Amino acid sequence: MADVEGEDGAEPEEAYSAEPFVPRRGGLTALRKAAAECRGCPLHREATQTVFGEGDAGARIVLVGEQPGDQEDRRGRPFVGPAGGVLTRALEEAGIDPDQAYVTNAVKHFKFTLVPERGKRRIHKTPNLHELTACRPWLGAELRLVDPEVIVALGATAGKALLGPSFRVTRQRGMLLPCPAVDGYAPSGECLVATIHPSAVLRADDREAVYQGLVADLRVAAELL
Ligand code: URA
Ligand code: SF4
């Protein structure tokens, strides 16, 4: 990548990559341990800790979110905040056992801005394409080790991380899509289902309708199991 000025006005981002930090051998435990030390992009500087994926290496379904939120950042675990509550309920309603899923994020550090006038509240900021690309080797390594039957992209950012920047959640949600190629992990066939991010339910005026849409998309994934 050429010298690209960061959207945040900072330094060039051409060298951002988690690649040098990803161990060549070992299982999920080794990956998680190494990811705790990742300095592959600037997001580690402000965040509390790496929030790595969680679940069984034998999981048949992998759920991919965007990035940890405020609570996930503090607790070091994915989807333990409000969006996680929506996700757990929707999975159960769709007939997917949340305990049988491997849950992770496209980006492993929390990106935020501080809002001083609101008691220094940390407000989520969407990761940019450089950060998504930098963090993708972790996602590829997780997918290689778990090698699930079904992958669910939760929201536009996860969809872009898995399928590329032209992904559009409004157009591609709720249908069976080709398996993604992620950093050397490239299974054949169709195994990907995209849906909205569960936090979209919390932001919606018509929460129930948006929630039912999420459940309907997850049912498409459930049918593959
Ligand atoms: N939103 C996400 O995308 N991931 C989390 O882990 C929490 C909230
Ligand atoms: Fe590494 Fe990803 Fe964290 Fe960036 S966001 S430092 S690439 S783990």
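Okay, so the lining of the largest cavity splits into nine nonpolar, four polar and three charged residues; here Ala, Val, Leu, Ile, Met, Phe, Trp, Tyr, Cys and Pro count as nonpolar, Asp, Glu, Lys and Arg as charged, and the others, Gly among them, as polar. Keep in mind that this is a predicted model: local features need pLDDT of at least 70, side-chain atom pairs count only at pLDDT 80 or more, and totals for chains, interfaces and linings use all residues. Residues are numbered from 1 along each chain as its sequence is written, chains are lettered from A and ligands numbered from 1 in the order in which they are written, and side-chain values use heavy atoms, leaving out hydrogens and water.

What do I mean by a cavity? On a 1 Å grid over the protein atoms alone, that's a set of points where a 1.4 Å probe fits but cannot get out, and lining residues have an atom within 4 Å of a point.

The largest cavity has a volume of about 120 Å³, meaning the space filled by probe spheres set on the points, with grid points joined across faces, edges and corners. Its lining has 16 residues, with Cys38, Gly40, Cys41, His109 and Cys135 nearest the centre. α5 gives the largest share of that lining, four residues; helices here are DSSP runs (H or I, at least four residues), numbered from the N terminus.

And what takes up that space? Ligand 2 does, where sitting in a cavity means more than half of a molecule's atoms lie within 2 Å of its grid points. Around ligand 2 (a heavy atom within 4 Å) we find residues including His44, Lys108 and Trp138.

Technical notes. 1 Å grid on protein atoms, 1.4 Å probe; cavity = no way out; pocket = protein on both sides within 12 Å on 5 of 7 lines; lining within 4 Å. Helix = DSSP H or I, 4+ residues; strand = E, 2+ residues; numbered from the N terminus.
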